[in-house]
Amino acid sequence: MIRKIAALSLLGACLFVSACGQKPQAEFIFPDKPFPDPFNRAYNLTQSKDGNVRVFAKETRDDTDLFEMRKQADGSWSEPKKLEFPKRHFNTNPHFSPYDGRMYFATDRALPNLEFNNDNNIWSVELKDDGWGEPKPVAGDINTGAKETSVAMTADGTMYFTSKYPHPGSAGSQDIYKATFDKNAGEWKMSMLPKHVNSFLVEDHVAVTPDGQHIFFYSTKGPKFGMSDIVAVSRTDAEGMEGWTKPYNIGGLVNTRGIELGPEVSTDGKTFFFSREGKLMSLPMDVLLADMAKARTAAETDQVDAFIKSYSQD
């Protein structure tokens, strides 16, 4: 009987811990680079469909630019090179779409015929063998001149983006919205997500798995590990949920006591990229999804605090 009780205690202690042993660790993209200061953070690393080009955003105090790396013949990556796309201050939050292969990003470059606009809007650009095409603003009702800051897309062409525009039914100061492409009209059409996906706080740096099963974004809403954490909503058939769970913390494989933001999923769905204290990191997607299953169980059984405490933050 004592052995049974001990076994059950061990099972309970291991409920939210990966393999009841040493947890997998996220890896640094640039392991030899020193940590940046708060004014020079990198985030939102994205990878092209063929896996040969990576682009990320990097702050330099008051400006943000996009930097590209290209895979070399020996499998290594080239040194980051700034993309000289026109902007006022911001080219940011890049995303290679698994749907059309284009790179989408946010920029404060003025929209055509709206020279007075100085907020971010969503643009896209074609990746070519010899470089890049000409960036173009996304057609449709996505861009409002009220700061559209990030975008992500599924393999079937469903877009998720963030906006500060006060659309009817919006929940807070910056929310996540959905859009689909109208082929007849040749433009994107926006629609709302369930109200419980967004909050009165800011939701930003949106990412989505190519199969559309999980949306990621950063949030400062608790319970959380640190100053800002990466959270997720996942597909569900539960009654009354309109297809999506409530946001839940994805766990300590990604989140720490510091600042985590800039999530991104590779176009093949195999790698999760994110930023920790301004430094780019990666984690195998299957490892993260296994931990997220525990995170989701904790959220649905009101055991989030125990789930968070199960991770060592030493």
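This is a predicted model: local features need pLDDT of at least 70, side-chain atom pairs count only at pLDDT 80 or more; totals for chains, interfaces and linings use all residues.
One pair shows how sequence and space can part ways. L114 and G145 are 31 residues apart in sequence, yet their C-alpha atoms are 8.8 Å apart in space. L114 is found in the loop between β7 (103-107) and β8. Its relative accessibility is 31%, so L114 counts as partly exposed.

**Overall build**

The protein has three helices and 22 strands. Its C-alpha atoms fill a box of roughly 75 × 50 × 35 Å along the principal axes. What radius of gyration would a compact globule of 314 residues have? The value would be near 20 Å, and the protein has 20 Å, so the two agree.

Now the surface. Of the 314 residues, 50% count as buried. The protein exposes about 15300 Å², and carbon and sulfur atoms supply 51% of that area. As for charge, there are 36 positive and 43 negative side chains. The centres of these two sets lie 3 Å apart.

**Two open sheets**

Strands of a sheet pair through backbone hydrogen bonds, either parallel or antiparallel. Two sheets of this protein can be followed strand by strand.

Strand β8 (residues 121-125) runs antiparallel to β11, and two bridges join them. Look for S124: its bridge partner in β11 is K136.

Another open sheet has four strands in the order β16-β17-β18-β19, and its pairing is antiparallel. Which strands form the edges of this sheet? They are β16 (204-208) and β19 (248-249), each pairing on one side only. Three bridges join β16 to the antiparallel strand β17 (residues 214-219). Within β17, I215 is the bridge partner of V208.

| β16-β17-β18-β19 | β16 (residues 204-208) | β19 (residues 248-249) |

**Backbone exceptions**

Most residues other than glycine have a negative phi, and most peptide bonds are trans.

Start with H205. This residue is found in strand β16. Is H205 buried or exposed? Its relative accessibility is 7%, and buried means under 20%, so H205 counts as buried.

Next comes E242, in the loop between β18 and β19. Phi of E242 is near 55°, again a positive value in a residue other than glycine. The setting of E242 is exposed, with a relative accessible area of 62%. The cut-off for exposed is over 50%.

Which bond is cis? The one from G222 to P223, with omega near 0°. P223 is found in the loop between β17 and β18 (229-234).

Definitions and conventions
Residues are numbered from 1 along each chain as its sequence is written. Side-chain values use heavy atoms; hydrogens and water are left out. The radius of gyration is taken over C-alpha atoms; the globule rule is 2.2 Å times the number of residues to the power 0.38. Buried means under 20% relative accessible area, exposed over 50%, partly exposed in between (1.4 Å probe, protein chains only). Accessible areas come from the Shrake-Rupley method with a 1.4 Å probe; for residues, only the protein chains shown count as cover. Lys and Arg count as positive and Asp and Glu as negative; His and the chain ends are not counted. The place of a charge is taken as NZ of Lys, CZ of Arg, CG of Asp or CD of Glu. Two strands pair if DSSP finds at least two bridges between them.
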